[in-house]
Amino acid sequence: VRCQLSPPQRPLQASAALRRVSDEKKKEPLGSSPQQQFDSHPADHQPEQGPQGPRPSYTGQGGQESEDYESEEQLQHRILTAALEFVPEHGWSAEAIAEGAKTLGLSVAAAGMFHSDGSDLILHFVSQCNTKLSELLEQEQKLVQLGEAEKKPTDQFLRDAVEVRLRMLIPYIEKWPQALSILLLPHNIPSSLNLLTSMIDDIWHYAGDQSTDFNWYTRRAVLTGIYNTTELVMMQDSSPDFEETWRFLENRVADAMNMGNTANQVQSTGEAVVQGLMGAAVTVSN
Amino acid sequence: PAGGVSLRLCGTRAASEGVNKPVIDRIIRVDHAGEYGANRIYAGQMAVLGRSSVGPIIQQMWNHEKEHLATFSELMVAYRVRPTALLPLWNVAGFVLGAGSAFLGKKGAMACTVAVEESISDHYNSQIRTLMEEDPEKYKELLQIIKQFRDDEREHHDIGIEHDAEA
């Protein structure tokens with residue numbers, strides 16, 4: 001007996017599917033298209049029939065999965081990736097996801113698997129971009145280690161990394177302000193903040209940051225500020241190839257480098273003052 | 001001097017693969033903070049008692065703590081662990097504790113050392129237990145380091161008792 005587990009958001013379908021298996025009903029309760037693969041698994045007596053090629057299935061089937069079945073998570077990734085193509089037209093929405101599902105031969109009802117505000121699609125996109133960035137930075141690091149490339153100075157490294165990452169937004173730039181506002185919704189903030197902080201940490205790691213003191217926080221906070229402000233400037237930028245944005249970025253990074261020097265000066269002054277006080281205390285106690 | 005513990009760091013990715021990241025993160029962050037605090041305590045003690053008869057003893061123990069801190073800083077980079085945000089607090093608090101206990105005299109300073117090293121040893125022991133429960137083989141290097149440091153701290157504790165009892 002092959003049991004089916006539907007995704008947690010659709011408990012009705014699960015009970016309906018089980019009922020179907022036991023009653024051998026042909027009609028699906030939600031009237032979705034016959035193409036819908038993940039509920040069209042035939043009842044026991046037709047195990048060989050069904051669409052060719054990889055069938056989506058769910059984990060937790062009690063060991064009845066075989067190697068060529070993908071997990072629910074992989075399926076969701078495929079749908080979201082396919083949906084990106086439709087974002088320029090439909091925005092970050094369930095419509096885009098539905099179109100994406102259609103190109104994979106799935107029913108438009110697949111969009112029901114995801115949040116209705118489009119946040120799943122946006123977070124998927126951000127996560128994909130961050131992964132791409134990490135891979136690029138890793139490759140660059142390897143080239144430097146092999147001696148095939150020059151090690152960039154820190155300010156240029158940061159500028160290039162932020163530029164590369166922001167350029168990934170260009171195909172979706174019309175709809176990106178919408179995405180930003182969705183990411184700022186309270187229930188999305190933990191996830192979006194998480195993605196942002198790990199990206200910034202990655203950039204600093206590949207830039208060679210080895211700080212183990214409070215600088216660790218200062219540097220990441222500063223870079224986050226640079227990234228966010230540059231992103232906002234990019235939204236308003238209409239210059240050819242966003243040259244105004246990259247100039248803004250260059251200036252902000254230069255500011256940050258100067259800030260580092262100023263901070264050092266403040267710290268030295270502070271240390272001198274403390275030493276003076278300690279000396280006074282010791283003198284008084286003696 | 002503290003035993004020569006060499007760190008074979010073959011790159012951060014190798015260090016991070018297959019380990020229980022949250023557990024390791026916490027261990028390294030806490031230990032780094034602890035050694036940093038210990039550093040500041042001895043610095044405070046030296047500031048007051050540096051020129052007294054226990055000066056050299058305190059300096060020696062302080063040197064050990066500096067080595068410990070350096071080791072954890074390396075581990076922090078290798079495992080990409082975030083340092084504690086409370087470092088500025090430990091900076092001041094540690095120094096004040098060290099200097100304050102030293103103002104009470106040599107006995108005060110040694111009593112402070114004994115108390116601090118006692119709790120650090122217990123803390124390292126429970127970390128060793130945690131890592132042994134997880135996977136002694138996978139964490140062999142880290143276990144070796146922590147065991148060595150635990151022994152060093154116990155030695156400091158014993159030195160403190162010795163001088164506390166004498167003075």
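**View 1. A:Glu99 and A:Lys102 sit about one helical turn apart, since they are three residues apart in helix H4 (residues 94-103) of chain A.** Helices here are DSSP runs of H or I with at least four residues, numbered from the N terminus. The two side chains meet in a salt bridge, 3.7 Å from N to O; that term means a Lys or Arg side-chain nitrogen within 4 Å of a carboxyl oxygen of Asp or Glu. A:Glu99 is partly exposed at 23% relative accessibility, and A:Lys102 is partly exposed too, at 46%. Buried means under 20% relative accessible area, exposed over 50%, and partly exposed in between (1.4 Å probe, protein chains only).

This is a predicted model, where local features need pLDDT of at least 70, side-chain atom pairs count only at pLDDT 80 or more, and totals for chains, interfaces and linings use all residues. Residues are numbered from 1 along each chain as its sequence is written, chains are lettered from A in the order written, and side-chain values use heavy atoms, leaving out hydrogens and water.

**View 2. A:Asp201 forms a salt bridge with A:Arg220, with 2.9 Å between the closest N and O atoms.** The pair links distant parts of the chain, 19 residues apart: A:Asp201 is in helix H8 (residues 189-207) and A:Arg220 in helix H9 (residues 215-236), both of chain A. A:Asp201 is buried at 18% relative accessible area, as is A:Arg220 at 9%.

**View 3. B:Arg80 and A:Asp201 meet in a salt bridge, 3.2 Å from N to O.** This pair joins two chains, because B:Arg80 lies in the loop between helix H3 (55-78) and helix H4 (87-103) of chain B, while A:Asp201 is in helix H8 of chain A. B:Arg80 is partly exposed, at 27%.
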